Amino acid sequence: MLAPHSPPPEFAIEARGLDKTYRAQGKGKPTHALKSVDLAIPRGSFFGLLGPNGAGKSTFINILGGLVVKSGGAASIWGHDIETDPMNARGAIGIVPQELNMDPFFSPAEALEIQAGYYGVPKGERKTEEILKAVGLWDKRDAYARTLSGGMKRRLLVAKAMVHSPPVLVLDEPTAGVDVDLRRQLWDYVRSLHARGVTIVLTTHYLEEAQELCDTIAIINHGEVIACEPTPKLISRLDQKTLVVTPQAPIALPFPGFEDLVFAMKPTGAFTLTYRTNEHSVEELLDRIRAAGVAIKDLSIEEPNLEDVFVELTA
Ligand code: ADP
């Protein structure tokens, strides 16, 4: 169980100069998966760790979980150094892995009891019922794991990660292949944990999901942290907006005169002009559209989203 840590640390997870090089296999070149990463994840945050495939996210998480050995630098979880104080570091974190690997012969209730035993949680302090109810698996407590659906298995992995009540929960792509309803249910549970003070670290490919859930986001690319800031600040980095115009009559393509902007057609017949707010004003764009002989039926302005920022930063 977790050793008391008073006062609570400022950062739930802290990495300083964290480095990882995977040794070459055969004649291949070694892979420098993490390049002296500095990253501080504030206690109590709902933190998104995003990046393209191969960026180094899993390597980072697996170092924290003790599955991958770092090549250099240091990392601590809840103030416990993973190298010099591995027991307490490990006790402070629950990791929901990407793969749905679980023993097919144990029921959810048994799986949680075994996991609790592994972490040394005394029988009287186990929360098997509470956790299974929270993830919507209480009805399935005695079913074989192999009879559970993909979404149920995913929720069982979250349940297993919480048996020792860690103050930090890491979810590595938790909603891949999970349908919309179950995704909601999973997020409701994770949000309730966050509301109770658990620091959440999430990696996901669903940028919309990250934008909705995470208060702070780090973007990692080629093993380097290229951004780490509050979500609204990150999104406001992009001084870009999109003007959506529905013309009175269909416009003839090609539509010349807007080569300095990003022009696109929508299936509805509307067209969009994406522009830099420090280079163009709406007034100017409207003048140009009218000058091109287009009568405007309707218009709106779209703000940039996390996906736009992500593409811009990682392109
Ligand atoms: P992500 O989780 O962001 O997709 P990973 O941490 O899985 O990225 O991978 C980072 C880099 O390290 C990639 O180039 C990947 O091919 C490489 N890598 C990951 N695991 C291993 C391994 N066990 N052996 C060799 N290279 C690896």
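First, step back and take in the whole chain: the C-alpha centres of domain 1 and domain 2 sit 42 Å apart. Domain 1 covers residues 11-235, and domain 2 covers residues 238-305. Bear in mind that this is a predicted model.

Now find the ligand. Which residues are around it? They are Tyr22, Thr31 and Ala33, then the run Pro52, Asn53, Gly54, Ala55, Gly56, Lys57, Ser58 and Thr59. Sort this shell by class and you get four nonpolar residues, six polar ones and one charged one.

| Residue | Part of the residue | Distance to a ligand oxygen atom |
|---|---|---|
| Glycine 54 | polar backbone atom | 2.7 Å |
| Lysine 57 | N or O atom in the side chain | 2.8 Å |
| Serine 58 | polar backbone atom | 2.8 Å |

How much of the ligand does the protein cover? On its own the ligand has 560 Å² of accessible area, and the protein covers 62% of that. Two elements, β2 (31-42) and α1 (57-64), each give two or more residues to the shell around the ligand. The top contributor is α1, which puts in three residues.

Next, look for the largest pocket, which has a volume of about 810 Å³. Its lining is made up of 29 residues, and the ones nearest the centre are Leu67, Ile95, Pro97, Gln115 and Tyr119. You'll meet α1 again here: along with β6 (93-96), α3 (108-118) and α5 (150-161), α1 gives two or more residues to the lining of this pocket. Count that lining by class and you find 15 nonpolar, nine polar and five charged residues.

How many cavities of 30 Å³ or more turn up in a search of the whole structure? The search finds one. The largest cavity holds about 30 Å³ of space. Its lining consists of Leu112, Ala116, Val121, Arg126, Lys127, Thr128, Ile131 and Val163. By class, that lining splits into five nonpolar residues, one polar and two charged. At least two of the lining residues come from α3, and at least two come from α4 (128-134).

Terms used:
Residues numbered from 1 in each chain as written. Predicted model: local features only at pLDDT ≥ 70, side-chain atom pairs only at ≥ 80, totals over all residues. Heavy atoms only, no water. Near = heavy atom within 4 Å. Polar contact = N/O pair within 3.5 Å; in protein donor to acceptor, adjacent residues only side chain to side chain. Areas by Shrake-Rupley, 256 points an atom, 1.4 Å probe, with all protein chains shown as cover. Helix = DSSP H or I, 4+ residues; strand = E, 2+ residues; numbered from the N terminus. Nonpolar A, V, L, I, M, F, W, Y, C, P; charged D, E, K, R; others polar. Domains from an automatic or database assignment. 1 Å grid on protein atoms, 1.4 Å probe; cavity = no way out; pocket = protein on both sides within 12 Å on 5 of 7 lines; lining within 4 Å. Points joined across faces, edges and corners; volume = space filled by probe spheres on them.
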